[in-house]
Amino acid sequence: MPEIRQIPHHRKGRLCCLRQRGGGDVKILKENKKIGYIRVSTRDQNLSRQIDGLNDICDTLLVEQASAVAKSCPVYDQLIETLQENDTLVVWDLDRAFRSTIDAVREAERLRNRGIHFQIVSLDVDTTTADGLLMYTVVAAIGQHERMRI
């Protein structure tokens with residue numbers, strides 16, 4: 001079962017992440033929320049860069065430990081299910097969210113069709129425009145290329 005780690009959230013002055021063990025749904029009640037998704041490959045990986053980049057702009061931060069080649073990311077999947085129209089999914093880098101160019105393009109389209117906004121903090125691109133989608137796709141392809149070379 002997914003584990004959602006607690007991250008101190010200084011902007012709101014409270015802990016915004018729930019610790020989930022053994023089942024249950026993630027409940028996020030605020031409307032038009034900005035949810036930050038942080039993925040690390042190992043427990044020892046430093047989260048600071050991603051937390052620092054998302055902490056001031058997100059209502060909630062969710063952390064998942066999953067390899068870039070993992071077939072499943074249960075925290076991400078559950079997060080996507082809870083997002084509603086006009087919510088925003090926020091990630092620090094594109095390669096923290098998706099494993100391949102195809103995954104990235106499909107997910108952006110899926111989110112757009114549901115009316116969910118998608119923000120990549122390190123990549124200031126609007127995926128609702130033709131030029132923005134092109135840049136998004138190119139960056140996703142570069143990320144996939146980098147992973148394949150490792």
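Helices (H or I, at least four residues) and strands (E, at least two) are taken as DSSP runs and numbered from the N terminus. The structure is a predicted model, in which local features require pLDDT of at least 70 and side-chain atom pairs count only at pLDDT 80 or more, whereas totals for chains, interfaces and linings use all residues. Residues are numbered from 1 along each chain as its sequence is written, and side-chain values rest on heavy atoms, with hydrogens and water left out.

An open sheet is formed by 4 strands in the order β4-β3-β5-β6, with parallel pairing, where two strands are taken to pair if DSSP finds at least two bridges between them. Because β4 (60–65) and β6 (117–120) stand at the edges with a single partner strand each, one side of each is left without a neighbour in the sheet. Neighbouring strands of this sheet are turned against each other by 25° on average, direction ignored; axes here are lines fitted to C-alpha atoms, for helices over the stretch in contact, and angles run from 0 to 180 degrees between N-to-C directions. Strand β3 (residues 34–40) is joined to β4 by 6 bridges, the two running parallel, and V40 stands opposite Q65 in β4. Of the 6 residues of β4, 5 are buried, so this strand is largely enclosed by the rest of the structure; buried denotes under 20% relative accessible area, exposed over 50%, and partly exposed the range in between (1.4 Å probe, protein chains only).

T88 lies in strand β5 and stands opposite H117 in β6. With a relative accessible area of 9%, T88 is buried, and, residues up to four places away in sequence not being counted, T88 touches K33, K34, I35, H117, F118 and Q119, contact meaning heavy atoms within 4.5 Å.

Helix α2 (residues 74–82) contains V75, which is buried at a relative accessible area of 3%. The C-alpha atoms of V75 and Y37 are 8.9 Å apart in space, although the two residues are 38 apart in sequence. The buried residues of α2 are V75, Y76, Q78, L79, I80 and T82, and they pack against β3, β4, β5 and α3. In the loop between α2 and β5 is N86, which has a positive phi of about 75° although it is not a glycine. Most residues other than glycine have a negative phi. N86 is partly exposed, with a relative accessible area of 38%.

The axes of helix α3 (residues 101–113) and helix α4 (residues 130–149) come within 8 Å and cross at roughly 145°. The crossing of α3 and α4 is right-handed, a crossing being left-handed if the near helix is turned anticlockwise from the far one by less than a right angle, and right-handed if clockwise. T101, A104, V105, A108 and R112 of α3 make the contact with L133, Y136, T137, A140, A141 and Q144 of α4. By class, this contact has 7 nonpolar, 3 polar and 1 charged residues, where Ala, Val, Leu, Ile, Met, Phe, Trp, Tyr, Cys and Pro count as nonpolar, Asp, Glu, Lys and Arg as charged, and the others, Gly among them, as polar.

As regards cysteines, C58 is buried at 0% relative accessibility, and C73 is buried with a relative accessible area of 5%. A search of the whole structure finds 0 disulfides, a disulfide being a pair of cysteine sulfur atoms within 2.5 Å.
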